[in-house]
Amino acid sequence: AHYSRLVATDEEPEPFVKVNVHDIVAPTDRESSTPHRQVYIYVNVFSLSGIDTVAQTFDCHFFLRAMWKEPVESPADEEWHPNLVFMNSASPVEMSDIELSACPWRKGPLGEKVMQWRADCRGTFREGFELEHFPFDVQALTITVSCNRPSSEVTLLEDRYTGANPAEPIHGDDGL
């Protein structure tokens, strides 16, 4: 199975996505028992510390939120979440204040329920440091977020919602 992946760096003003929305393929009949969800990822970095150029690691404290429009055909008692994982973590990422709930301030374009999974995260991450021009080096530090579900079930996308208009429906480049 192929997995979608989102990569955020400290050089970009917002996380960027390495997923072409136009290449999303509908699940086959065999896979259609689980509806496909487009999961929008938002990351807010609170602090970077413990940058170790020898071990090529860094520590990061950040807030992570995943939001998706709940499919109409999903069972009401199912507690689905995207099973996010950090591909470049050097050790298990500590998560606190984990919450899975319906988002009270956001709806789909047709008024659909929008779910959110959110957590406060702290971890140590690996990065291949490319330091050659000390003290003028610039280094991108990445946190690679992926999903432990097949791409037929989930696509990860950047959450570009600004919060400027609370009535704005959840959407991305594809107009979810």
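**An aromatic cluster and the sheet around it**

Phe58, Phe62, Phe86 and Phe125 come together as one aromatic cluster. The model is a predicted one, so to speak of local features takes a pLDDT of at least 70, side-chain atom pairs count only at pLDDT 80 or more, and totals for chains, interfaces and linings use all residues. Residues are numbered from 1 along each chain as its sequence is written, and side-chain values use heavy atoms, with hydrogens and water left out.

Searching the whole structure turns up six aromatic pairs (rings of Phe, Tyr and Trp, the last by its six-membered ring, with centres within 6.5 Å; planes under 30 degrees apart are stacked, over 60 edge-to-face, the rest tilted). One of them is Phe62 with Phe86, edge-to-face at 5.7 Å centre to centre and 75° between the planes. This pair ties together distant parts of the chain, with Phe62 in strand β4 and Phe86 in strand β5, 24 residues apart (strands are DSSP runs of E, at least two residues, numbered from the N terminus). Phe62 counts as buried because its relative accessibility is 1%, and Phe86 does too, at 10% (buried means under 20% relative accessible area, with a 1.4 Å probe and protein chains only). Phe86 also pairs with Phe125: the centres are 6.0 Å apart and the planes at 75°, so this pair is edge-to-face. Here the link runs from β5 to Phe125 in strand β7, 39 residues along.

Phe62, Leu64 and Phe86 touch the most other members of the largest nonpolar core, which has 25 residues (such a core is a set of buried Ala, Val, Leu, Ile, Met, Phe, Trp, Tyr and Cys residues joined through side-chain atoms within 4.5 Å). Strand β4 gives the largest share of this core, six residues.

As for the sheet, five strands make up an open one in the order β6-β7-β4-β3-β9, with mixed pairing (two strands pair if DSSP finds at least two bridges between them). Its edge strands, β6 (94–107) and β9 (154–158), each pair on one side only. β6 and β7 run antiparallel over eight bridges. Gln116 sits in β7 (residues 113–126) and counts as buried at 2% relative accessibility.

The average pLDDT (the predictor's confidence in each residue, from 0 to 100) is 78, and 69% of the residues score at least 70. Over residues 1–22 the pLDDT is below 50, and it stays under 50 over residues 27–31 as well.

Key. Helix = DSSP H or I, 4+ residues; strand = E, 2+ residues; numbered from the N terminus. Buried < 20%, exposed > 50% of the residue type's maximum accessible area, 1.4 Å probe, protein only. Contact = heavy atoms within 4.5 Å.
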